[in-house]
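Keep the sequence and the structure in view as you read.

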Amino acid sequence: DENVTLAADPQAAADQAARHIAEATGIERHDVALVLGSGWGGAAELIGETVAELPSADVPGFSRPAVAGHVGTIRSIRIGDTGRHALVLGARTHLYEGRGVRAVVHGVRTAAAAGVSTLVLTNGCGGLRLEWPPGTPVLISDHINLTATSPLEGATFVDLTDLYSSRLRAVAREVDAGLPEGVYVQFPGPHYETPAEIQFAKRGGGDLVGMSTALEAIAAREAGVEVLGISLVTNLAAGISPQPLSHAEVLEAGRAAAPRIGSLLAAIVAR
Ligand SMILES: Nc1nc2[nH]c(I)nc2c(=O)[nH]1
């Protein structure tokens with residue numbers, strides 16, 4: 001195949017990437033895909049045995065990760081003894097990288113073309129509630145998209161009701177009954193919010209703020225893939241905490257949460 005570019009035909013590019021992954025991993029169809037955001041990197045090993053690991057830059061349409069800590073690989077993992085396979089997209093493209101919305105959702109469209117019926121979107125985010133300190137995992141119940149854009153083009157009027165599947169959230173709560181839920185607000189970034197913007201998001205019904213996830217979820221819905229979103233609060237958003245947070249505290253909180261969120265993700269995926 002000539003190297004279909006995202007700009008020319010995003011669906012063809014996703015189909016090409018999915019064929020590349022099937023050939024390179026030897027797994028013809030994957031069942032579930034995961035996007036591992038900040039703090040979630042260690043979860044993959046707990047899901048099962050890695051069948052194959054590909055440099056994401058070798059897969060058509062993917063690029064090298066821009067965010068430190070994001071591994072630049074795509075992994076095929078056998079999910080325990082279920083006979084099902086997970087596709088772990090280690091490198092996420094963020095809108096603020098300026099590569100366009102098609103690049104942001106290429107991984108999701110590739111996973112759909114690879115056959116997955118479920119997508120788990122994870123991220124690190126800012127928390128708007130004092131009762132959710134850094135290290136708290138929060139199920140995403142809905143999102144507010146403040147990016148002023150969409151991965152969809154043309155007259156594709158897609159319904160987004162129950163976008164963050166209540167069925168999958170119930171499965172997650174069977175695994176960990178104490179999981180709170182919140183509304184995720186995607187800002188374009190790369191700057192963090194001002195305290196005034198955080199109050200605006202809070203008064204508008206937001207509980208979590210980040211720079212990913214919402215656009216990926218919309219693309220997944222268009223592709224008919226069921227979505228579960230889980231955020232890891234890694235810091236309190238601007239102005240929420242009276243005293244400034246130290247970056248060391250944020251990093252420590254993420255590390256401390258790793259075992260809990262890793263086993264949570266593995267248990268959910270095994271269902
Ligand atoms: N927009 C936004 N994104 C984030 N990602 C992380 I980690 N923390 C934040 C935050 O406070 N705001």
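Q: Which residues touch the most other members of the largest nonpolar core?
A: This is a predicted model. Its largest nonpolar core holds 38 residues. Helix H7, residues 214–222, gives the largest share of this core, 5 residues. The members that touch the most others are Val59, Ile74, Leu87, Leu119 and Leu208.

Q: Leaving aside neighbours within four places in sequence, which residues is leucine 87 in contact with?
A: Leucine 87 is among the core residues that touch the most other members. With neighbours within four places in sequence left aside, its contacts are Ile21, His30, Val32, Ala33, Leu34, Ile74, Arg75, Ala111 and Ala114.

Q: Is aspartate 207 buried or exposed?
A: Aspartate 207 sits in the loop between helix H6 (195–203) and strand E8 (208–210). Its relative accessible area is 11%. Buried means under 20%, so aspartate 207 is buried.

Q: Which side chain makes a polar contact with the side chain of aspartate 207?
A: Leaving aside neighbours within four places in sequence, aspartate 207 is in contact with Gly126, Gly127, Leu128, Arg129, Trp132, Gly182 and Val183. The polar contact between side chains is at 2.9 Å, and the partner is arginine 129.

Q: How far apart in space are aspartate 207 and glutamate 181, C-alpha to C-alpha?
A: In sequence, aspartate 207 and glutamate 181 are 26 residues apart. In space, their C-alpha to C-alpha distance is 8.7 Å.

Q: Which helix supplies the largest share of the lining of the largest cavity?
A: The search of the whole structure finds 1 cavity of 30 Å³ or more. The largest cavity holds about 110 Å³ of space. Helix H3 (101–104) and helix H4 (106–113) each supply at least two lining residues. The largest share, 3 residues, comes from H4.

Q: Which of the residues that line the largest cavity are closest to its centre?
A: The lining has 14 residues. By class, 7 are nonpolar, 4 polar and 3 charged. Closest to the centre are Ala91, Arg92, Thr93, Val104 and Gly107.

Q: Which residues lie nearest the centre of the second largest pocket?
A: This pocket holds about 160 Å³ of space. Strand E5 (118–127), helix H5 (166–175) and helix H8 (247–270) each supply at least two lining residues. The lining numbers 13 residues, and nearest the centre lie Thr118, Leu168, Ile268, Val269 and Arg271.

Definitions and conventions: Residues are numbered from 1 along each chain as its sequence is written. This is a predicted model: local features need pLDDT of at least 70, side-chain atom pairs count only at pLDDT 80 or more; totals for chains, interfaces and linings use all residues. Side-chain values use heavy atoms; hydrogens and water are left out. A nonpolar core is a set of buried Ala, Val, Leu, Ile, Met, Phe, Trp, Tyr and Cys residues joined through side-chain atoms within 4.5 Å. Buried means under 20% relative accessible area, exposed over 50%, partly exposed in between (1.4 Å probe, protein chains only). Helices (H or I, at least four residues) and strands (E, at least two) are DSSP runs, numbered from the N terminus. Contact means heavy atoms within 4.5 Å. On a 1 Å grid over the protein atoms alone, a cavity is a set of points where a 1.4 Å probe fits but cannot get out, and a pocket is an open set with protein on both sides within 12 Å along at least five of seven lines; lining residues have an atom within 4 Å of a point. Grid points are joined across faces, edges and corners, and a volume is the space filled by probe spheres set on the points. Ala, Val, Leu, Ile, Met, Phe, Trp, Tyr, Cys and Pro count as nonpolar, Asp, Glu, Lys and Arg as charged, and the others, Gly among them, as polar. A polar contact is a pair of N or O atoms within 3.5 Å; within protein, one must be able to donate a hydrogen and the other to accept it, and residues adjacent in sequence count only if both atoms are side-chain atoms.
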